[in-house]
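Hi,

Here is the model we talked about. Please load it first, then read the notes below.

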Amino acid sequence: MNSIRLRPLSHLFLALFLTFAAVGRSSAQTVGAAPAVSKEGVAPGATAAAAPAAAAGATTGDAAAIAAGDALFKGNCAQCHAVNDVVVGPALGGIAKRRPLSWIIPWVKNSSKVVASGDDYAVKLFNQYQKQQMPSFQLSDAEITSIVSYITAEEGKSAGPASTQGTGIKPGDNTGAPDASTGEAGAGKYVDMLLIVLVVVLIVMVVTLVIIANIMKDVLRGRKDLDGRDVELIEQRFDFAKIYKSPVVRGLAVGLFALVVLYESVQGVMAIGLTQGYQPTQPIAFSHKLHAGEHQINCAYCHTSVYKSKSANIPSANICMNCHSQIKTESPEIKKIYRAIERKQPIQWVRIHNLPDLAYFNHSQHTQVGGIECQTCHGPIQNMEVVYQYSALTMGWCINCHRETPLNTKGNGYYNNLVKLHETANGAAPFTVSSNGGTECSKCHY
Ligand code: HEC
Ligand code: HEC
Ligand code: HEC
Ligand code: HEC
Ligand code: HEC
Ligand code: HEC
């Protein structure tokens, strides 16, 4: 009889356990839901960016013209012009308001003719830009008009909801990327906050439950109608000395310790010679995020040999001077380039990626023939302020990819016969790099 009344005490522990489990599950659910939140965070950003483009499209021309203008701008003008920034030439934002189409069209077709004609605006601009001649373009009137529509649409973008949201992202293809990252960062903070709140709630709950349990014990102690077993239950205590002396517990502790030491040392040994994450400070604060990301300068504009030869070269100072003879000439970082040129000494960039001499790696084989994106191996370079080694560059890393990646055989006559032979020999198995001998030692070792 009496022991039935006592059960709530043991039930208390069960209740405590269940509460922990329930809270744990609900927190797992909210953590699981977080990516969905961040996805939603991205979606409105994307539509917000698209909306003004559509709105501008309604006034300046149809979406097709803007798309055509986008392609033409990127192909012909982007290396010297941006919409909102001065690059080599002036920022083109607001050009439709500044100049009539009847001026812009002949200008793009042949700017030096416009300058030679003595047009006041053109002469002034030409002098302002150190008499640099803009190249002539064999574009039709319609094509130039579409470029202007594209520029007008892009201005709309930066003045639209995208910037009022405070993202301050420059227009361009990479609008989505920073949006996504801010969304993720937001979600990350949100999850952190949630975890902190949960931990606090759990601590408060544990303390409350301990207090309740003690009060109940006191109440029960005051009662006279308890039998011996019940009293024993109430007076039960944790005997730490007993637990400490228990051989099972000691064995477990020693075993756990040994496992941790073993794991750490294996990790340490495996990491010998690994330089993943290596991010040295460079002599000039050159930013890939700014150049390759925001200004969308093609990787091969600087790493000129990456599609043609074994190694991707690091650009010499004269490539920098294509732009920096005009841009940011007063910046102390840029002056370092001038100093290197004056002294006739190369800029001493610190090398990041470096395979040992025993291994052979060829860029053109991977980028040109294999069609692999730089980012697959080098990570999101276009977002890196300072470059770091993204991949492990171990032999296992090379081999894994060779086992998994199908050969890019389309339009490559060299492979026609090999593909046929592979199909007759192996049926439907994919024709990977390794089926073509890409895991043979001598392919990568001299
Ligand atoms: C090699 C660099 C270069 C390229 C490529 C280039 N421009 Fe220019 N652009 C300039 C420079 C420099 C100026 C400033 C005037 C000058 O010095 O001739 C200029 C001026 C202009 C102006 C006048 C800007 C103003 O504020 O009034 C327009 C419009 C223009 N460019 C349009 C284009 C278009 C459209 C394209 C692509 C089809 C293009 N440019 C490609 C260098 C370039
Ligand atoms: C405006 C010129 C320029 C452009 C464009 C550019 N890079 Fe670079 N890159 C450099 C310079 C200079 C260095 C050496 C300094 C450094 O590491 O930041 C470098 C270094 C690197 C390195 C590290 C090399 C090493 O030491 O191991 C990688 C990888 C790289 N770039 C990849 C890329 C990729 C991928 C792109 C295109 C998304 C790109 N770069 C675009 C100039 C450029
Ligand atoms: C195709 C044009 C182009 C080339 C080539 C180029 N840059 Fe730039 N660079 C830019 C532009 C545009 C900016 C941004 C200027 C601004 O913020 O107003 C910039 C900014 C910089 C800055 C930041 C300057 C500051 O004080 O804010 C540094 C440093 C720099 N570049 C270094 C280099 C180096 C080193 C090279 C050669 C490896 C190089 N750039 C090649 C266009 C170029
Ligand atoms: C299949 C993987 C892979 C791809 C794709 C790739 N790289 Fe590399 N990259 C490497 C490896 C590995 C090294 C180290 C090479 C060495 O030390 O010999 C390297 C080194 C570099 C270097 C340092 C200079 C050098 O050649 O050692 C630059 C710069 C570079 N890569 C740029 C690029 C650019 C730009 C692209 C895209 C056009 C690209 N890489 C694509 C794997 C790759
Ligand atoms: C992201 C995937 C990827 C990684 C990582 C990669 N490779 Fe490759 N590799 C390829 C592909 C795809 C080809 C086949 C290109 C072709 O010929 O069509 C290839 C081809 C080769 C070849 C020529 C093989 C032949 O049969 O002629 C060599 C050599 C090679 N890789 C070396 C390396 C080395 C060394 C590394 C590591 C430092 C490496 N690769 C990392 C994808 C990769
Ligand atoms: C796809 C390219 C590739 C193939 C195929 C390949 N290796 Fe390697 N191997 C590498 C690379 C890259 C390294 C350097 C890894 C590092 O620095 O961590 C390496 C490192 C090694 C090392 C370590 C050398 C040292 O001093 O650290 C040995 C040994 C080795 N390879 C043997 C072999 C043998 C044997 C085969 C054939 C069964 C083979 N490799 C096939 C790319 C390859």
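**Ligand shells and annotated spans**

Four helices each put at least two residues into the shell around ligand 1: H2 (63-77), H3 (95-98), H4 (101-109) and H6 (120-128). Helices here are DSSP runs of H or I with at least four residues, strands are runs of E with at least two, and both are numbered from the N terminus.

This is a predicted model: local features need pLDDT of at least 70, side-chain atom pairs count only at pLDDT 80 or more, and totals for chains, interfaces and linings use all residues. Residues count from 1 along each chain as its sequence is written, while chains are lettered from A and ligands numbered from 1 in the order written.

**Ligand 1.** Its shell holds 25 residues, with Cys 77, Cys 80, Gly 89, Tyr 129 and Met 134 the closest. A shell residue has its C-beta atom, placed from the backbone, within 6 Å of the molecule. H4 contributes the most, three residues.

**Ligand 5.** Here too, 25 residues surround the ligand; Phe 361, Gly 370, Cys 398, Cys 401 and Cys 444 are the closest. H17 (363-369), H18 (374-378), H19 (395-404) and H21 (441-444) each supply at least two. H19 has the largest share, four residues.

**Annotated spans.** An unreviewed UniProt entry marks 193-216 and 252-274 as "transmembrane region". Such annotations may be inferred rather than shown by experiment; positions follow the numbering used here, and feature names are shortened. Residues 193-216 are 100% helix and 0% strand, with end C-alpha atoms 35 Å apart. For 252-274, the values are 83% helix, 0% strand and 33 Å.

Best wishes
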